[in-house]
Amino acid sequence: MRLKRENFNMMGKLAVIVLGMFGFGYALVPIYKAICEMTGINVLALSDRQIPGATSSSPANTQVDRTRTITVEFDANSRGPWHFKPAQNTLQVHPGELTTVMYEFQNVQNRTMSAQAIPSYAPAQAGAHFNKLECFCFSQYTLAPGEKKQWPVAFVIDPKLSKDVSTITLSYTFFEVGGKTPPAPVTPATTAAVPPEKQAGA
């Protein structure tokens with residue numbers, strides 16, 4: 001009889017321990033979250049809205065000068081029987097703003113060709129402040145007969161560009177690799193700076 005009572009008491013204690021462990025496990029998740037919020041230990045696992053002082057939107061690019069607007073004109077020159085042009089002729093951009101424009105090219109010949117582009121800028125001083133992050137002019141390309149391509153030019157204009165410059169012309173000359181490399185295209189700004197007799201002799 002005594003042994004039976006001791007067994008019953010032991011079963012009761014074990015039942016209490018099991019219930020206690022179950023209750024602790026159930027409460028562990030909210031307790032853990034409360035501790036993390038108080039200490040900030042697991043802050044990397046929180047969403048933007050849960051982090052104190054954070055907002056759900058991306059931070060603004062403080063490098064963009066929205067007080068200035070620069071007109072960028074895109075020009076394309078072909079030295080050979082192919083089509084080459086920008087998808088748009090002009091854009092309004094802010095200094096420091098990342099901008100992308102597409103250029104279109106088609107090899108209209110009945111043979112494969114390799115070609116490359118060289119850029120130029122007007123006014124010339126803009127070249128040092130026209131930062132291209134992606135440009136097809138960095139590489140040579142081989143195109144099959146009739147093949148069409150579109151290439152991006154991603155650029156940022158340095159806010160340090162002189163405030164006297166309100167318009168920049170980005171001009172590309174596309175030429176076949178292996179042939180005679182053409183001179184850089186002459187833009188209206190550079191034409192005015194070069195005497196007529198030198199232009200004729202060029």
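Q: How many residues make up the largest nonpolar core?
A: This is a predicted model, in which local features need pLDDT of at least 70, side-chain atom pairs count only at pLDDT 80 or more, and totals for chains, interfaces and linings use all residues. Side-chain values use heavy atoms, with hydrogens and water left out, and residues are numbered from 1 along each chain as its sequence is written. A nonpolar core is a set of buried Ala, Val, Leu, Ile, Met, Phe, Trp, Tyr and Cys residues joined through side-chain atoms within 4.5 Å, where buried means under 20% relative accessible area, exposed over 50% and partly exposed in between (1.4 Å probe, protein chains only). F136, V153, F155, I157, Y172 and F174 have the most contacts inside the largest core, whose size is 30 residues.

Q: Which strands each supply at least two residues of this core?
A: Strands are DSSP runs of E with at least two residues, helices are runs of H or I with at least four, and both are numbered from the N terminus. The strands in question are β1 (70–79), β2 (82–86), β3 (90–93), β4, β5 (113–122), β8 and β9 (167–176).

Q: How many helices and strands does the chain have?
A: Along the sequence, the pattern reads α-β-β-β-β-β-β-β-β-β-α-α. The count is 3 helices and 9 strands.

Q: Which residue in β8 stands opposite Y103?
A: Two strands pair if DSSP finds at least two bridges between them. Strands β4 (residues 99–107) and β8 (residues 148–157) run antiparallel and are joined by 8 bridges. Opposite Y103 stands W151.

Q: How many bridges join β6 to β8?
A: E134 stands opposite A154 in β8. Strand β6 (residues 130–134) runs antiparallel to β8, and the number of bridges joining them is 4.

Q: Which residues does V153 touch, leaving out those up to four places away in sequence?
A: Contact means heavy atoms within 4.5 Å. V153 is one of the residues with the most contacts inside the core. Its partners are T99, T100, V101, Y103, K132, E134, C135, F136, L170 and Y172.

Q: How far apart are the sulfur atoms of C135 and C137?
A: A disulfide is a pair of cysteine sulfur atoms within 2.5 Å, and a search of the whole structure finds 1. With 130° about the S-S bond, the link of C135 and C137 is right-handed. The sulfur atoms of C135 and C137 are apart by 2.5 Å.

Q: Is C135 buried or exposed?
A: C137 counts as buried at 11% relative accessibility. The relative accessible area of C135 is 6%, so C135 is buried.
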